[in-house]
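Morning, everyone. I have one structure to walk you through today. Please bring it up on your screens.

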Amino acid sequence: MSDISDGRGRVQNKVMAGYANLYFIKTSELGSAVTYDGSTGLVTDFAAMTAYKYALVSGTNIDDDSQSSSDTGAKFNSITGTITLQGSVSTDQKEFDNLQAGEYSIVGELRTGAAKLFSPDTPIDITSLKILHGNAEGDLVGATMDLLGKSDSFSRNITGAVKGLPFGGISTPANVTIVT
């Protein structure tokens, strides 16, 4: 008999961390410029690209779900989620408009320091964008977005990611310009 508190031998904060930041990257900049390790599947390098960093608040979830058709044998992954972004100053409006216009892939930076590349081959759609203004002290000021994407592969871990440096372990980290 197994004790549920063993957590399959994993320390809890390594598997239930949640996302600290999301980095939106134009899918057209990724193209075939993502390099993978053939044996592990880890992302080991990117070509020159710009990553737009957004801090998250709790309550963010992103699911990466495998789908297949018994009729055609086709396989794909579905990416869904609801994210809550901080901030709502006048300059954020243009950013929110650009995000909603689409054509982005996402890198998620977990609170543990690990990082994942979602949907490198197909842009993720923002199906809903709600600007939150808050009415009372302590209310959230920011935006909530619903995501929907479809990809040919599961999200991929990025090699050598550490807290605050999700691209720090790739072969040429200078290729990634982070805009905050």
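**Strands first, then rings**

Ile131 stands opposite Ala143 in S10. Before I go on, a word on the source. This is a predicted model, where local features need pLDDT of at least 70, side-chain atom pairs count only at pLDDT 80 or more, and totals for chains, interfaces and linings use all residues. Residues are numbered from 1 along each chain as its sequence is written, and side-chain values use heavy atoms, with hydrogens and water left out.

Back to the strands. Strands are DSSP runs of E, at least two residues, numbered from the N terminus. Two of them pair if DSSP finds at least two bridges between them.

Next, S7 and S8. Strand S7 (residues 104–110) runs antiparallel to strand S8 (residues 115–118), and four bridges join them. Ile106 has Phe118 in S8 as its bridge partner. Four residues lie between the strands of this hairpin, and there Gly113 takes a positive phi near 110 degrees. S8 is also joined to strand S11 (residues 156–157), antiparallel, by two bridges. Leu117 stands opposite Arg156 there, in S11.

Arg156 brings us to rings. Its charged end sits over the ring of Tyr36, 4.8 Å from the centre. "Over" has cut-offs: NZ of Lys or CZ of Arg within 6 Å of the ring centre and within 35 degrees of the ring normal. Lys150 lies over the face of Phe76 too, at 4.4 Å from the ring centre.

Now ring on ring. How many aromatic pairs does the structure hold? Five. Rings of Phe, Tyr and Trp (its six-membered ring) pair if their centres lie within 6.5 Å; planes under 30 degrees apart count as stacked, over 60 as edge-to-face, the rest as tilted. Tyr23 and Phe167 are edge-to-face, 5.6 Å centre to centre, with 80 degrees between the planes.

Buried means under 20% relative accessible area, exposed over 50%, partly exposed in between (1.4 Å probe, protein chains only). Last stop, Tyr52, in strand S4 (residues 49–55). Why is Tyr52 partly exposed? Because its relative accessibility is 26%. Thanks, that's my tour.
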